[in-house]
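Please look at the sequence and the model before reading on.

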Amino acid sequence: MRPLDELIRPNIAALEPYSSARDEYKGKEAHVFLDANENPYDTGYNRYPDPLQRDLKEKICSIKGATPANLFLGNGSDEAIDLMFRVFCRPGIDNVVAMEPSYGMYKVCANVNDIEYRAVRTNAQFQPEIDAMLAAADANTKLMFFCSPNNPSGNLVERALLERALKEFQGIVIIDEAYIDFASEPSFVRQLDSYPNLVVLQTFSKAWGLAGIRLGMAFAQPEIINVMNKVKYPYNVNQLTQDRASAMLDDYQKIREWTESILKERARMETLVSALPYCTQVLPSDANFILARMPEATKIYNYLVDNGIIVRNRSRITLCQDSLRITIGTSQENDQLIECLKKYNL
Ligand SMILES: *Cc1c(COP(=O)(O)O)cnc(C)c1O
């Protein structure tokens, strides 16, 4: 990896961050707070939240096997993705390389930040072509994006391929693990000490059942986390979100039970969808959705909408012709979908 201060944008390296009232006072003993122009009357939320979310990070790290110094929390993973561009990529000059097809936000964030996006097609099994991705990189390539398990294909990226990227690419390697709780392989979070250029993204939006509170995680070496903290909005994770996430972490057993049920339902749905006469393929999934190929995908999508059932039509995405992405719901919801699909074209 190139030295971090060569990868970071010069204006960001030189940035003197905003110092909030809550940053300047870090002790715990005080009982009169007249430093932040807040309303003194207790609404439960009259105080600014902890800008570095220290208590919440402790709790998350006790489950994830990292230390709070390795963890950034943001307004969804989307904030962490956007920050990667703002921290590392000089608009109009730098570029990033990403596996394609994958999550659409990488490209949108690249465009917003005026960064060239070099998409490199995966093979037919949706495994990234590492040689082609490394060849697409040049001296101005700052980031390389992988998503594992991948959205929309649902497969894990082979570990050896990710390890090659981590060893051979000289910039930052981002592994988006939004769906890792549903996967049959462990997270890369445990590899942070081996790879200084690794950034792992996870989220509370999928297995944790909290898409509505907007909370995303980025795990990386402390030097990277520190720059992200310097650039983010001071109070980027609000108190309601911190409280709700904290309560969910106390109920970790519930998450495990939900995940177990979703995995059982996923196996059942793979069988049932494959058995539909017009379904030509269901891709093996390590996520909480399946990608199913059916030649009339767009017609079937519209038919489902007419029946009040919404899936995601991915037919226009690279390598995903004629395919619907189906989220695994409750067993009742899944049954409704199957009943409806069985009646298609009868
Ligand atoms: C759903 C999803 C996310 C989650 O984004 P949030 O902003 O945390 O809700 C991130 N990456 C991928 C690949 C996803 O599919």
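## The cavity

On a 1 Å grid over the protein atoms alone, a cavity is a set of points where a 1.4 Å probe fits but cannot get out. The model described here is predicted. By this rule, one cavity of 30 Å³ or more is counted. The largest cavity holds about 50 Å³ of space.

Which residues line the largest cavity? Its lining consists of Ser 148, Leu 156, Val 157, Arg 159, Leu 162, Ile 175, Glu 177, Ile 180, Glu 185, Pro 186 and Phe 188. Sorted by class, seven of these lining residues are nonpolar, one is polar and three are charged.

Asn 150 sits in the loop that runs between β4 (141–147) and α8 (159–168). Is this residue buried or exposed? Asn 150 is buried because its relative accessible area is 0%, and the cut-off for buried is under 20%.

The side chain of Asn 150 makes a polar contact of 2.8 Å with the side chain of Ser 102. Another polar contact, of 3.0 Å, links the side chains of Asn 150 and Ser 153. When neighbours within four places in sequence are set aside, Asn 150 is in contact with Met 99, Pro 101, Ser 102, Asn 155 and Phe 289.

In soluble globular proteins, nonpolar side chains tend to be buried together. In this model, the largest nonpolar core has 40 residues, and Phe 146 and Phe 204 have the most contacts inside it. The element that gives the most to this core is α8, with four residues.

What does Phe 146 touch, leaving aside its neighbours within four places in sequence? Its contacts include Met 99, Tyr 106, Pro 128, Ile 130, Met 133, Leu 162, Ala 165 and Val 173, and also Ile 174, Ile 175 and Asp 176.

A second, separate core has 34 residues, among them Ile 81, Leu 83, Ile 115 and Ile 172.

Terms used: Residues are numbered from 1 along each chain as its sequence is written. This is a predicted model: local features need pLDDT of at least 70, side-chain atom pairs count only at pLDDT 80 or more; totals for chains, interfaces and linings use all residues. Side-chain values use heavy atoms; hydrogens and water are left out. Helices (H or I, at least four residues) and strands (E, at least two) are DSSP runs, numbered from the N terminus. Buried means under 20% relative accessible area, exposed over 50%, partly exposed in between (1.4 Å probe, protein chains only). A polar contact is a pair of N or O atoms within 3.5 Å; within protein, one must be able to donate a hydrogen and the other to accept it, and residues adjacent in sequence count only if both atoms are side-chain atoms. Contact means heavy atoms within 4.5 Å. A nonpolar core is a set of buried Ala, Val, Leu, Ile, Met, Phe, Trp, Tyr and Cys residues joined through side-chain atoms within 4.5 Å. On a 1 Å grid over the protein atoms alone, a cavity is a set of points where a 1.4 Å probe fits but cannot get out, and a pocket is an open set with protein on both sides within 12 Å along at least five of seven lines; lining residues have an atom within 4 Å of a point. Grid points are joined across faces, edges and corners, and a volume is the space filled by probe spheres set on the points. Ala, Val, Leu, Ile, Met, Phe, Trp, Tyr, Cys and Pro count as nonpolar, Asp, Glu, Lys and Arg as charged, and the others, Gly among them, as polar.
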